[in-house]
Amino acid sequence: MNHIKTTGMLAGMLLAATALSPAMAADMTMERALKADSEPGNWILHAQNYEGHRFSRLKEITAENAKNLKLAYTVALGGYQSGGRYPHGNLEGTPLVDDGIAYVTDGWGSVYAVDASANKRGSRVIWKMDPGTDRAWAGDVACCGVNNRGVALWKDKIVSIALDGRLFLIEKKTGEMLWEAKVAEPAVGETITLAPLVIRDVAITGSAGGEFGIRGWYDAVDLNTGKQKWRTFMIPGPGEPGHESWKGGGNRWKHGGASAWVTPTFDSTLNLIYAGVGNPGPDWDPDYRPGDNKWASSVVAMNPDDGKIKWGFQYTPNDPYDFDEISEHPIVRMKINGQDRTVMTHAARNGFYYSLDAANGSFITGKQYVDKLTWSTGLDPKTGMPLEYDPKKDVQDYIASMTPRRSRPTTDVKCPTTSGGKNWQPTAFNPDLNIMYIPSAEGCNKLTLVVQKDWEDEPGGTVKPRDRFTGGGGVNQGRIEGSVKGVDPLTGEMKVKTAYRYPNWAGLMATAGNLIVTGWPDGEFVAYDAKTLQEVYTYSTGCGINAPPVTYTVAGKQYIGLLVGSIQKAAILQDSPELKNSATCSMFYAWAL
Amino acid sequence: MKKLYGFMFAAAAAFALTVSSASAQTPAPTESAADLREIEYGKDIFKTKANCQFCHKWDGSGDQGYGGNALPLRTTELTLEQFVETVKCGRIGTGMPYHDRFAYNDKRCYDTTREELGNDTPPIANEYLQPREIAAVAKYVFARQKGRGVKGSYEDCLDFWGKESKQCEQFK
């Protein structure tokens, strides 16, 4: 599936040089990656560490002195061209910062190296690598915006992706693209939006496209060769465990979604990655796809060396709500009843917070974290399944009035909304306070089922590749608001929370200075006291924020930076007309004392 | 994968279905230079500013998505005047947004207001349109989509997207 296209005559030689070149002092190595916590001046992994904590040990900026923060610099980026179904690109990336250089992306996949030093004058953009994304082709099969969530470091190279399915290896110093490999195929509705996860010498990516009838996968490319090392489909094929959970005849399993669009977490001691899996397709016509539909709306633990699934846990079997659970699964080590345990956590889109044993996937505990949850009355304390889940049923009703069925296509008001209690926007974990912070969306919607037509590879079917494949949809009911909630990482018990007038589309960062930092759709950059979630600093950036913050040092001085610029989701606009006239932008902002 | 685009859904109940014979995007011989200019202007609004294509698909063939079905424009039985009213006012109780900024401030749309409609008020469009823009997008739909078969052709695709993308290969 991976076909390297060289970008110059010397590409083969470059590949060979890449494979053989030793890691330099500042090169990204596995050793550095495993010890990311020990170099807080750099932000070298997508979620700060492999465990997904987004927690920095830096504490020059604290809850006490954050009121003295000042905007240090801004950098204008590009990437807001139209393409496919979208008027402009979007910024959802987490910057990486290494040795005073920030590596950021725009929605169409351009990578920018930005001088992040304090006193730089003039242009800060050292280089820009524009991959020339086929915007019409890829943008027409992107369900929810033109997105790229960031890059990865490997040796003295940058690893990046583009929406049209390509993976790139880039010279870190110059921005020269050394090779590109075709990974996802927009011709069948696949795109890539996640930041690659590099473990040792492989780059792990995944396929978005859960609303276009794909069969989702995670894929690993050997960065030494540019060739595929493994690919694991998230819907089991014939003969594989879980295949029987796709009933209804035809080729349901071939088009059942189960996409992959957020970077997995990784536990090096267990040598497992924790990969979220998207919704089953069609989203809102569960009668089309009887069965539990594994591993849609699940997490799977996979060996990063061969892609083999060690275990899986399905949050919402036969999901009729589009509760795909692609978002991060942070790993927390703790003592439970005196025993050392490695716990995998997840603030789920379905509105519950979960903790599982990271070694075997056994359910430990779960608790509702959204303000209002109406599709289930709770979780079974032994299994973690929704209390209304009936394994004898092929199509689940959960709370029937909330569930779209062909016999009753329109639901009552159901909470949380389709976009969930939390979507891809990442949590942050402060190990000193032992609190997991959740960026939450609070709201409800109604769902309407539209009977899904069959695929053209099924008798009488008419649906073609790249056609939308959703089986209905939902309309929000009333204003969608947001909150930041701090919970016990094991039990989900609420410890602290604060509300906001909009949902959080940015995600969070925590620091040892007892800060929680985020941005909001109205352009407000906000730092909170981690203990109280009282605001300690705010700055109006002037356009919506849709990307998570990071922190780093340059010449010993601490900065907090993030990408600013987003589409204003009309789901917000319906009840927030004050945002109606706000325009997008495409910027990198940084603050310091 | 999605972060709900709750707004852009579906269109109106009044879009009824008829099927006409297909033809390419070739201009009708009666289209003047001024007509062609307005049609191109309407296409640009359909594609980008109003982003009609997000729900109705680039060729106006209709689509499903968040919120339900955006019905096909190619087979609509609405008159041009009714179509303009639908763009301006949206459709009550559906996901079809209104594009006139003042649509439900007074009773210019369906003789009702936002206060009277409550949750049935149509969604706000991402971008409001001026009457000239609404007229142009209606003219584009009636000249290049309505009555030209249930789906766009390869030539229609090239006309909409250009030749530089792989977007149209599937329609060859």
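Modeller: Here is the chain in outline, then the crossing itself.

First, the ground rules. Residues are numbered from 1 along each chain as its sequence is written, while chains are lettered from A and ligands numbered from 1 in the order in which they are written. The model is predicted, with local features needing pLDDT of at least 70, side-chain atom pairs counting only at pLDDT 80 or more, and totals for chains, interfaces and linings using all residues; side-chain values use heavy atoms, without hydrogens or water.

Start with chain B. Six helices and two strands make up its secondary structure. These are DSSP runs numbered from the N terminus: H or I of at least four residues for helices, E of at least two for strands. Along the sequence, the order is α-α-β-β-α-α-α-α.

Next, burial. Chain B has 172 residues, and 52% of them are buried. Buried means under 20% relative accessible area, with a 1.4 Å probe and protein chains only. The accessible surface of chain B is about 7600 Å². Carbon and sulfur atoms account for 52% of that surface. The areas come from the Shrake-Rupley method with a 1.4 Å probe.

Now the contacts. A contact is heavy atoms within 4.5 Å. Take the contacts in chain B between residues at least 6 apart in sequence: 69% join residues at least 24 apart.

Then the crossing. Helix α1 of chain B covers residues 33-49, and helix α5 of chain B covers residues 131-144. Their axes come within 7 Å and cross at roughly 100 degrees. Each axis is a line fitted to C-alpha atoms over the stretch in contact, and angles run from 0 to 180 degrees between N-to-C directions. So α1(B) is roughly perpendicular to α5(B), a label that covers 65 to 115 degrees.

Who makes the contact? On α1(B), the residues are B:Asp35, B:Leu36, B:Glu38, B:Ile39, B:Tyr41, B:Gly42, B:Lys43, B:Ile45, B:Phe46 and B:Lys49. On α5(B), they are B:Arg132, B:Glu133, B:Ala135, B:Ala136, B:Val137, B:Lys139, B:Tyr140, B:Val141, B:Ala143 and B:Arg144.

By class, the contact of α1(B) with α5(B) has 11 nonpolar, one polar and eight charged residues. Here Ala, Val, Leu, Ile, Met, Phe, Trp, Tyr, Cys and Pro count as nonpolar, Asp, Glu, Lys and Arg as charged, and the others, Gly among them, as polar.

Technical notes: Parallel < 35°, antiparallel > 145°, perpendicular 65-115°, else oblique. Buried < 20%, exposed > 50% of the residue type's maximum accessible area, 1.4 Å probe, protein only.
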